[in-house]
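Trainee: Could you walk me through this one, and start with whatever word I need before we look at any pocket?

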Amino acid sequence: MTTSRTPFARRYLPAPPWRDRKGAFSPLKAAVLGLLGTPAALLLVAFAAGGLGAEPVERLQDEAGRWAVRFLLLSLAITPLRLLWRWNRLILVRRMVGLAALGYALGHLAAYAALEDWVLAKVAGEIATRFYLTLGAAALVGLIGLGLTSTDAAVRRLGAARWQALHRASYVVAPLAVTHVFLQTRLDPSEAFVLAGVLAWLLALRIWRARAGTLTATAGLVLAAAAIAGTALGEAVFFHAKFGAPLVNLLAANLDATAGLRPAWWVAWLVLPAVAVAFVRGRPTAAPRPRRAAA
Ligand code: HEM
(Lines give C-alpha, C1' and ligand atoms only; values in the text may rest on other atoms or scores of the structure.)
Protein backbone atom coordinates (compact mmCIF):
# COMPACT_ATOMS: atom_id res chain seq x y z
CA MET A 1 0.00 0.00 0.00
CA THR A 2 1.47 3.38 -0.97
CA THR A 3 0.75 6.71 0.71
CA SER A 4 -0.82 9.82 -0.70
CA ARG A 5 2.27 11.91 0.07
CA THR A 6 2.65 14.83 -2.28
CA PRO A 7 5.72 15.01 -4.56
CA PHE A 8 6.96 17.92 -2.38
CA ALA A 9 6.65 15.88 0.80
CA ARG A 10 8.28 12.89 -0.87
CA ARG A 11 11.24 15.00 -1.97
CA TYR A 12 11.81 17.16 1.09
CA LEU A 13 10.28 15.45 4.13
CA PRO A 14 11.57 12.21 5.60
CA ALA A 15 9.17 9.29 5.18
CA PRO A 16 7.67 7.92 8.41
CA PRO A 17 10.14 5.34 9.73
CA TRP A 18 7.73 2.41 9.20
CA ARG A 19 7.44 3.08 5.48
CA ASP A 20 9.90 2.12 2.75
CA ARG A 21 11.27 4.45 0.10
CA LYS A 22 8.20 4.02 -2.08
CA GLY A 23 5.97 4.98 0.84
CA ALA A 24 4.63 1.46 1.37
CA PHE A 25 4.21 0.06 4.88
CA SER A 26 7.24 -2.10 5.71
CA PRO A 27 6.60 -4.80 8.36
CA LEU A 28 10.38 -5.21 8.74
CA LYS A 29 10.90 -1.51 9.48
CA ALA A 30 7.90 -1.37 11.80
CA ALA A 31 9.12 -4.43 13.75
CA VAL A 32 12.67 -3.07 14.08
CA LEU A 33 11.33 0.35 15.11
CA GLY A 34 9.31 -1.33 17.85
CA LEU A 35 12.34 -3.32 19.00
CA LEU A 36 14.58 -0.24 19.09
CA GLY A 37 12.05 1.80 21.04
CA THR A 38 11.16 -0.92 23.58
CA PRO A 39 14.12 -0.43 25.99
CA ALA A 40 13.51 3.34 26.09
CA ALA A 41 9.80 2.87 26.69
CA LEU A 42 10.38 0.30 29.47
CA LEU A 43 13.05 2.46 31.11
CA LEU A 44 10.87 5.56 31.06
CA VAL A 45 7.88 3.69 32.46
CA ALA A 46 10.05 2.17 35.22
CA PHE A 47 11.55 5.60 35.92
CA ALA A 48 8.11 7.22 36.21
CA ALA A 49 6.90 4.39 38.43
CA GLY A 50 9.93 4.69 40.70
CA GLY A 51 11.10 1.20 39.73
CA LEU A 52 14.75 2.00 38.97
CA GLY A 53 16.12 1.58 42.49
CA ALA A 54 17.82 4.01 44.84
CA GLU A 55 19.77 5.84 42.11
CA PRO A 56 17.29 6.07 39.22
CA VAL A 57 19.16 8.63 37.12
CA GLU A 58 22.40 6.68 37.46
CA ARG A 59 20.53 3.55 36.38
CA LEU A 60 19.08 5.46 33.40
CA GLN A 61 22.59 6.59 32.49
CA ASP A 62 23.95 3.04 32.61
CA GLU A 63 21.08 1.44 30.73
CA ALA A 64 21.00 4.13 28.02
CA GLY A 65 24.76 3.68 27.52
CA ARG A 66 24.39 -0.09 27.30
CA TRP A 67 21.66 0.09 24.67
CA ALA A 68 23.61 2.73 22.75
CA VAL A 69 26.63 0.48 22.35
CA ARG A 70 24.51 -2.61 21.60
CA PHE A 71 22.61 -0.79 18.85
CA LEU A 72 25.87 0.66 17.53
CA LEU A 73 27.21 -2.88 17.07
CA LEU A 74 23.88 -3.96 15.58
CA SER A 75 24.14 -1.16 13.02
CA LEU A 76 27.60 -2.44 12.06
CA ALA A 77 26.18 -5.95 11.74
CA ILE A 78 23.56 -5.01 9.14
CA THR A 79 25.81 -5.06 6.05
CA PRO A 80 27.64 -8.33 6.87
CA LEU A 81 24.37 -10.02 7.84
CA ARG A 82 22.73 -8.79 4.64
CA LEU A 83 25.52 -10.49 2.69
CA LEU A 84 25.73 -13.63 4.84
CA TRP A 85 21.96 -14.12 4.85
CA ARG A 86 21.46 -12.97 1.25
CA TRP A 87 18.73 -10.67 2.54
CA ASN A 88 19.03 -7.33 0.79
CA ARG A 89 16.00 -5.76 2.46
CA LEU A 90 17.93 -5.68 5.71
CA ILE A 91 19.58 -2.50 4.41
CA LEU A 92 16.23 -0.75 4.95
CA VAL A 93 16.81 -0.69 8.72
CA ARG A 94 20.50 0.25 8.88
CA ARG A 95 19.95 3.99 9.25
CA MET A 96 17.20 3.48 11.81
CA VAL A 97 19.45 1.28 13.98
CA GLY A 98 22.33 3.79 13.77
CA LEU A 99 20.03 6.65 14.75
CA ALA A 100 18.71 4.62 17.67
CA ALA A 101 22.30 4.18 18.89
CA LEU A 102 22.74 7.94 18.66
CA GLY A 103 19.46 8.58 20.51
CA TYR A 104 20.39 6.28 23.39
CA ALA A 105 23.91 7.79 23.55
CA LEU A 106 22.41 11.29 23.81
CA GLY A 107 20.11 10.02 26.57
CA HIS A 108 23.18 8.59 28.32
CA LEU A 109 24.93 11.97 28.13
CA ALA A 110 21.80 13.81 29.31
CA ALA A 111 21.56 11.51 32.35
CA TYR A 112 25.24 12.13 33.07
CA ALA A 113 24.69 15.90 32.85
CA ALA A 114 21.67 15.55 35.16
CA LEU A 115 23.87 13.72 37.68
CA GLU A 116 26.26 16.67 37.50
CA ASP A 117 23.28 18.99 38.20
CA TRP A 118 23.43 20.33 34.64
CA VAL A 119 26.62 22.28 35.41
CA LEU A 120 27.82 22.02 31.83
CA ALA A 121 31.24 23.55 32.58
CA LYS A 122 31.82 20.70 35.03
CA VAL A 123 30.67 18.13 32.46
CA ALA A 124 33.08 19.61 29.88
CA GLY A 125 35.90 19.70 32.43
CA GLU A 126 35.38 16.04 33.35
CA ILE A 127 35.31 15.07 29.68
CA ALA A 128 38.55 16.95 29.07
CA THR A 129 40.40 15.45 32.04
CA ARG A 130 39.17 11.86 32.35
CA PHE A 131 40.44 9.72 29.51
CA TYR A 132 37.52 7.25 29.42
CA LEU A 133 35.08 10.17 29.19
CA THR A 134 37.16 11.78 26.42
CA LEU A 135 36.89 8.52 24.45
CA GLY A 136 33.13 8.39 25.08
CA ALA A 137 32.78 11.98 23.91
CA ALA A 138 34.83 11.26 20.77
CA ALA A 139 32.54 8.30 20.02
CA LEU A 140 29.48 10.49 20.55
CA VAL A 141 30.82 13.23 18.26
CA GLY A 142 31.40 10.54 15.62
CA LEU A 143 27.86 9.21 16.08
CA ILE A 144 26.42 12.73 15.75
CA GLY A 145 28.43 13.26 12.55
CA LEU A 146 27.14 9.98 11.13
CA GLY A 147 23.59 10.86 12.17
CA LEU A 148 23.69 14.31 10.58
CA THR A 149 24.97 12.92 7.29
CA SER A 150 22.51 10.06 7.12
CA THR A 151 19.61 11.97 5.59
CA ASP A 152 18.72 11.40 1.93
CA ALA A 153 19.61 15.04 1.23
CA ALA A 154 23.08 14.60 2.76
CA VAL A 155 23.67 11.43 0.72
CA ARG A 156 22.67 13.31 -2.45
CA ARG A 157 24.90 16.26 -1.56
CA LEU A 158 27.95 14.16 -0.72
CA GLY A 159 27.57 11.64 -3.53
CA ALA A 160 27.52 7.89 -2.86
CA ALA A 161 31.30 7.37 -2.87
CA ARG A 162 32.13 10.18 -0.45
CA TRP A 163 29.18 9.27 1.76
CA GLN A 164 30.38 5.67 1.97
CA ALA A 165 33.94 6.75 2.76
CA LEU A 166 32.63 9.05 5.50
CA HIS A 167 30.45 6.36 7.00
CA ARG A 168 33.43 4.06 7.33
CA ALA A 169 34.07 6.24 10.39
CA SER A 170 31.66 3.93 12.22
CA TYR A 171 34.55 1.44 12.29
CA VAL A 172 36.43 3.94 14.45
CA VAL A 173 33.44 5.08 16.50
CA ALA A 174 32.58 1.56 17.68
CA PRO A 175 36.07 0.67 19.04
CA LEU A 176 36.12 4.08 20.79
CA ALA A 177 32.77 3.34 22.43
CA VAL A 178 33.82 -0.19 23.45
CA THR A 179 37.11 1.11 24.92
CA HIS A 180 35.11 3.75 26.84
CA VAL A 181 32.96 0.96 28.29
CA PHE A 182 36.01 -1.17 29.10
CA LEU A 183 37.86 1.63 30.89
CA GLN A 184 34.91 2.64 33.08
CA THR A 185 34.41 -0.95 34.28
CA ARG A 186 35.31 -1.19 37.93
CA LEU A 187 34.65 -4.75 39.07
CA ASP A 188 33.50 -7.05 36.30
CA PRO A 189 34.70 -6.41 32.73
CA SER A 190 32.65 -9.33 31.31
CA GLU A 191 30.22 -7.19 29.32
CA ALA A 192 33.08 -5.18 27.83
CA PHE A 193 34.75 -8.42 26.69
CA VAL A 194 31.51 -9.61 25.08
CA LEU A 195 31.20 -6.30 23.21
CA ALA A 196 34.86 -6.48 22.17
CA GLY A 197 34.45 -10.09 20.93
CA VAL A 198 31.40 -9.27 18.82
CA LEU A 199 33.05 -6.11 17.49
CA ALA A 200 36.17 -8.10 16.55
CA TRP A 201 33.98 -10.53 14.58
CA LEU A 202 32.22 -7.68 12.75
CA LEU A 203 35.49 -5.92 11.90
CA ALA A 204 37.04 -9.19 10.75
CA LEU A 205 34.04 -9.84 8.47
CA ARG A 206 34.50 -6.38 6.98
CA ILE A 207 38.23 -6.96 6.36
CA TRP A 208 37.60 -10.42 4.90
CA ARG A 209 35.01 -9.03 2.53
CA ALA A 210 37.34 -6.21 1.44
CA ARG A 211 40.12 -8.73 0.72
CA ALA A 212 38.13 -11.62 -0.75
CA GLY A 213 35.39 -9.54 -2.39
CA THR A 214 32.75 -11.87 -0.97
CA LEU A 215 31.42 -13.17 2.33
CA THR A 216 30.49 -16.83 2.71
CA ALA A 217 28.97 -18.69 5.65
CA THR A 218 32.25 -20.62 6.00
CA ALA A 219 34.17 -17.34 6.35
CA GLY A 220 31.61 -16.25 8.96
CA LEU A 221 32.21 -19.49 10.89
CA VAL A 222 36.02 -19.32 10.72
CA LEU A 223 36.01 -15.71 11.91
CA ALA A 224 33.43 -16.49 14.62
CA ALA A 225 35.71 -19.26 15.96
CA ALA A 226 38.62 -16.80 15.97
CA ALA A 227 36.54 -14.13 17.76
CA ILE A 228 35.36 -16.64 20.39
CA ALA A 229 38.91 -17.92 21.00
CA GLY A 230 40.25 -14.34 21.01
CA THR A 231 37.66 -13.32 23.64
CA ALA A 232 38.64 -16.24 25.90
CA LEU A 233 42.33 -15.44 25.47
CA GLY A 234 41.85 -11.68 25.95
CA GLU A 235 39.90 -12.21 29.17
CA ALA A 236 42.49 -14.71 30.48
CA VAL A 237 45.40 -12.38 29.68
CA PHE A 238 43.57 -9.49 31.39
CA PHE A 239 43.03 -11.41 34.66
CA HIS A 240 46.52 -12.89 34.47
CA ALA A 241 48.00 -9.39 34.22
CA LYS A 242 45.73 -8.07 36.98
CA PHE A 243 45.83 -10.86 39.55
CA GLY A 244 48.69 -13.08 38.37
CA ALA A 245 46.49 -16.20 38.16
CA PRO A 246 47.90 -18.91 35.83
CA LEU A 247 46.73 -18.48 32.24
CA VAL A 248 45.84 -22.16 31.87
CA ASN A 249 43.49 -22.02 34.88
CA LEU A 250 41.88 -18.86 33.58
CA LEU A 251 41.32 -20.44 30.17
CA ALA A 252 39.99 -23.62 31.82
CA ALA A 253 37.37 -21.53 33.67
CA ASN A 254 35.62 -21.28 30.30
CA LEU A 255 34.86 -25.00 30.58
CA ASP A 256 33.42 -24.75 34.09
CA ALA A 257 29.70 -24.03 33.82
CA THR A 258 29.35 -23.48 37.59
CA ALA A 259 31.38 -20.26 37.27
CA GLY A 260 28.62 -18.79 35.06
CA LEU A 261 28.87 -18.19 31.33
CA ARG A 262 32.22 -16.58 30.50
CA PRO A 263 32.29 -13.78 27.84
CA ALA A 264 33.57 -16.18 25.15
CA TRP A 265 30.38 -18.23 25.53
CA TRP A 266 28.22 -15.11 25.25
CA VAL A 267 30.05 -14.20 22.05
CA ALA A 268 29.38 -17.73 20.78
CA TRP A 269 25.66 -17.45 21.63
CA LEU A 270 25.44 -14.15 19.79
CA VAL A 271 27.39 -14.87 16.61
CA LEU A 272 26.95 -18.60 15.95
CA PRO A 273 23.16 -18.42 15.39
CA ALA A 274 23.84 -15.71 12.79
CA VAL A 275 26.35 -18.03 11.11
CA ALA A 276 23.88 -20.94 11.27
CA VAL A 277 21.25 -18.84 9.47
CA ALA A 278 23.90 -17.98 6.86
CA PHE A 279 24.48 -21.70 6.21
CA VAL A 280 20.76 -22.36 5.83
CA ARG A 281 19.99 -19.33 3.65
CA GLY A 282 23.24 -19.36 1.73
CA ARG A 283 22.87 -22.94 0.51
CA PRO A 284 22.62 -22.92 -3.27
CA THR A 285 19.18 -23.94 -4.48
CA ALA A 286 19.07 -27.32 -6.21
CA ALA A 287 19.88 -27.07 -9.89
CA PRO A 288 16.95 -28.01 -12.13
CA ARG A 289 17.10 -31.59 -13.33
CA PRO A 290 18.19 -31.97 -16.92
CA ARG A 291 15.30 -32.88 -19.13
CA ARG A 292 15.33 -36.31 -20.65
CA ALA A 293 16.02 -36.23 -24.30
CA ALA A 294 12.93 -37.03 -26.28
CA ALA A 295 12.97 -40.64 -27.43
C1 HEM B 1 30.18 12.69 26.11
C2 HEM B 1 29.98 11.41 26.01
C3 HEM B 1 29.90 10.43 27.16
C4 HEM B 1 29.95 10.63 28.50
C5 HEM B 1 30.14 11.93 29.26
C6 HEM B 1 29.80 9.34 29.15
C7 HEM B 1 29.82 9.11 30.51
C8 HEM B 1 29.84 7.88 31.11
C9 HEM B 1 30.04 7.63 32.51
C10 HEM B 1 30.25 8.69 33.57
C11 HEM B 1 29.98 6.30 32.69
C12 HEM B 1 30.22 5.55 34.01
C13 HEM B 1 28.92 5.21 34.66
C14 HEM B 1 29.15 4.57 35.99
O15 HEM B 1 30.11 4.90 36.66
O16 HEM B 1 28.32 3.74 36.33
C17 HEM B 1 29.74 5.70 31.41
C18 HEM B 1 29.58 4.35 31.20
C19 HEM B 1 29.15 3.81 30.02
N20 HEM B 1 29.04 4.47 28.81
FE21 HEM B 1 29.36 6.42 28.51
N22 HEM B 1 29.64 8.40 28.17
C23 HEM B 1 29.69 9.02 26.95
C24 HEM B 1 29.55 8.42 25.70
C25 HEM B 1 29.16 7.11 25.51
C26 HEM B 1 28.83 6.52 24.24
C27 HEM B 1 28.91 7.26 22.89
C28 HEM B 1 28.47 5.23 24.49
C29 HEM B 1 28.00 4.15 23.54
C30 HEM B 1 27.85 4.26 22.24
C31 HEM B 1 28.58 5.01 25.91
C32 HEM B 1 28.30 3.82 26.54
C33 HEM B 1 28.54 3.57 27.89
C34 HEM B 1 28.34 2.28 28.53
C35 HEM B 1 27.81 1.01 27.86
C36 HEM B 1 28.72 2.43 29.86
C37 HEM B 1 28.70 1.34 30.92
C38 HEM B 1 27.36 1.35 31.62
C39 HEM B 1 27.32 0.26 32.69
O40 HEM B 1 27.25 -0.89 32.30
O41 HEM B 1 27.37 0.59 33.87
N42 HEM B 1 29.01 6.17 26.49
N43 HEM B 1 29.65 6.67 30.47
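Mentor: Helices here are DSSP runs of H or I with at least four residues, while strands are runs of E with at least two, and both are numbered from the N terminus. This is a predicted model, so local features need pLDDT of at least 70 and side-chain atom pairs count only at pLDDT 80 or more, whereas totals for chains, interfaces and linings use all residues. Residues are numbered from 1 along each chain as its sequence is written, and side-chain values use heavy atoms, with hydrogens and water left out.

Trainee: Okay, how many helices and strands does the protein have?

Mentor: The protein has 13 helices and 0 strands. Its C-alpha atoms fill a box of roughly 80 × 60 × 40 Å along the principal axes, and of its 295 residues 36% count as buried, meaning under 20% relative accessible area, with exposed over 50% and partly exposed in between (1.4 Å probe, protein chains only).

Trainee: Now the ligand: which residues come nearest?

Mentor: Among the 21 residues around the ligand, the nearest are Gln61, Arg66, His108, His180 and Arg186, where "around" asks for a heavy atom within 4 Å. Helix H3 (56-84), helix H4 (94-115), helix H6 (131-148) and helix H9 (170-184) each give this shell at least two residues.

Trainee: And what is the shell like by class?

Mentor: The shell around the ligand holds 12 nonpolar, 6 polar and 3 charged residues. Nonpolar covers Ala, Val, Leu, Ile, Met, Phe, Trp, Tyr, Cys and Pro, charged covers Asp, Glu, Lys and Arg, and the others, Gly among them, are polar.

Trainee: Which ligand atom does a polar side-chain atom of histidine 108 lie by?

Mentor: The side chain of histidine 108 places a polar atom 2.7 Å from a nitrogen atom of the ligand. For histidine 180, an N or O atom of the side chain is 2.8 Å from a ligand nitrogen atom, and aspartate 62 has a polar side-chain atom 3.1 Å from an oxygen atom of the ligand.

Trainee: Changing topic, which residues lie nearest the centre of the largest pocket?

Mentor: Arg21, Arg94, Arg95, Ser150 and Trp163 lie nearest the centre, out of 50 residues that line the largest pocket. The largest share of that lining, 7 residues, comes from H4. By class, the lining of this pocket divides into 22 nonpolar, 12 polar and 16 charged residues. On a 1 Å grid over the protein atoms alone, a pocket is an open set of points with protein on both sides within 12 Å along at least five of seven lines, a cavity is a set where a 1.4 Å probe fits but cannot get out, and lining residues have an atom within 4 Å of a point.

Trainee: What lines the largest cavity, then?

Mentor: Its lining consists of Thr79, Pro80, Leu83, Tyr171, Leu205, Arg206, Arg209 and Leu215. H3 and H10 each supply at least two of the lining residues of the largest cavity, and the classes there are 5 nonpolar, 1 polar and 2 charged.

Trainee: Staying with H10, is serine 190 buried or exposed?

Mentor: Serine 190, which lies in helix H10, counts as buried because its relative accessibility is 17%. Its side chain is joined to that of aspartate 188 by a polar contact of 2.6 Å; such a contact is a pair of N or O atoms within 3.5 Å, and within protein one must be able to donate a hydrogen and the other to accept it, while residues adjacent in sequence count only if both atoms are side-chain atoms.

Trainee: Where does alanine 204 lie?

Mentor: Alanine 204 is also a residue of helix H10, which spans residues 190-212. With 23% relative accessibility, alanine 204 counts as partly exposed. Its C-alpha atom is separated by 9.1 Å from that of glycine 220, which is 16 residues away along the chain.

Trainee: What about leucine 52, where is its place?

Mentor: Leucine 52 belongs to the loop between helix H2 (27-48) and H3, and at 6% relative accessibility it counts as buried.

Trainee: Last one: what phi does arginine 86 have?

Mentor: Arginine 86 has a positive phi of about 50 degrees, although it is not a glycine. Most residues other than glycine have a negative phi. Arginine 86 is in the loop between H3 and H4, and it is exposed, with a relative accessible area of 56%. Aspartate 117, not a glycine either, has a positive phi of about 55 degrees. Its position is in the loop between H4 and helix H5 (120-129), and aspartate 117 counts as exposed at 62% relative accessibility.
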